[in-house]
Amino acid sequence: MSRSGRDLGKRVRTGKGRTASQVRWLERQLNDPYVKRAKADGYRSRAAYKLIELDEKFNLLKGSKRVVDLGIAPGGWSQVVRKIAPKAAIVGIDLLETDPIEGVTILQMDFMDDKAPAALEAALDGPPDLVLSDMAANTVGHKQTDHLRTMGLVEAGAWFAAETLEKGGTYVAKVLAGGTDTELLTLLKKHFKTVKHAKPPASRKGSSEWYVIAQGFKGRD
Ligand SMILES: C[S@@+](CC[C@H](N)C(=O)[O-])C[C@H]1O[C@@H](n2cnc3c(N)ncnc32)[C@H](O)[C@@H]1O
């Protein structure tokens, strides 16, 4: 930090048709230690460290056999799963194209499509024991709309988890500040032994994202 208190990291010039917010984003990327680490460690996203940190706290990955990665692109979380649970079968889904990852089945489709749950299940040779969701809806800048859209994805992920998970399984999802709404929390508490919220250090302090970690799926009657 300089005496004026300004961070003396890399600065990005405006121009080149960049908007002020694009410049801020680029500066943040260039000066972000997690971005540098991701490059050095060969992870496709800085988001990889969020899963690593959640795993350190909640012991999610080791020994996993079948994993679903909702919102897989560009693939950082699945890379982490591959590293910590190399024998796990993994299937991921995203609206965007994801470069192939060895040992991972990738579906390019909308998770909200009626056919998505069956397509995900068909890619595994049994019920998942871990459902991960880092999905985030494209923001439109209207706080309530953005919140509702993202929470809609979390809720759809929770239903998918409740309908497919093996007994004892885990559901992890990105949620927005304010946490999970009452209805979703009730659903999760009904189906899982423990439901916790966490904000891993790799999650930017200014961002409203948190994660909900639901462990010990009670099974279907
Ligand atoms: C923050 S990124 C995921 C990053 C990923 N965990 C990683 O480490 O590389 C969120 C992803 O969710 C995807 N997404 C959002 N809505 C979706 C939907 N309805 N179906 C499938 N993917 C969706 C976006 O396309 C985006 O790639």
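**Confidence.** I began with the pLDDT (the predictor's confidence in each residue, from 0 to 100), which averages 90 over the protein chain, with 91% of the residues scoring at least 70. Over residues 1-6 I found the pLDDT below 50, and beyond near neighbours in sequence this stretch has 3 contacts in the model, two residues being in contact if their C-beta atoms, placed from the backbone, lie within 7 Å. Where pLDDT is low, the predicted coordinates should not be read in detail. I noted that this is a predicted model, in which local features need pLDDT of at least 70 and side-chain atom pairs count only at pLDDT 80 or more, while totals for chains, interfaces and linings use all residues. The residues are numbered from 1 along each chain as its sequence is written.

**H3 and H4.** I next looked up helix H3 (residues 48-58) and helix H4 (residues 76-84), which pack at about 45 degrees with their axes 7 Å apart. Helices (H or I, at least four residues) and strands (E, at least two) are DSSP runs, numbered from the N terminus; axes are lines fitted to C-alpha atoms, for helices over the stretch in contact, and angles run from 0 to 180 degrees between N-to-C directions. H3 and H4 are therefore oblique to each other, given that angles under 35 degrees count as roughly parallel, over 145 as roughly antiparallel, 65 to 115 as roughly perpendicular and the rest as oblique. On the H3 side I listed Ala48, Leu51, Ile52 and Asp55, which meet Gly76, Trp77, Gln79, Val80 and Ile84 in H4.

**H6 and H7.** I then turned to helix H6 (residues 143-164) and helix H7 (residues 182-191), whose axes come within 11 Å and cross at roughly 20 degrees. That angle makes H6 roughly parallel to H7. The contact is made by Val154, Glu155, Ala158 and Ala162 of H6, together with Leu184, Leu187, Leu188 and His191 of H7.

**Val131.** Is Val131 buried or exposed? I found Val131 in strand E4 (residues 130-133), and it counts as buried because it has 25 C-beta neighbours inside 10 Å (buried means 20 or more other C-beta atoms within 10 Å of its own, exposed 12 or fewer, and partly exposed in between, with C-beta atoms placed from the backbone). Leaving aside neighbours within four places in sequence, Val131 is in contact with Val68, Leu70, Gly157, Phe160, Ala161, Leu165 and Tyr171. I also noted that the C-alpha atoms of Val131 and Ser64 are separated by 10 Å, although these residues are 67 residues apart along the chain.
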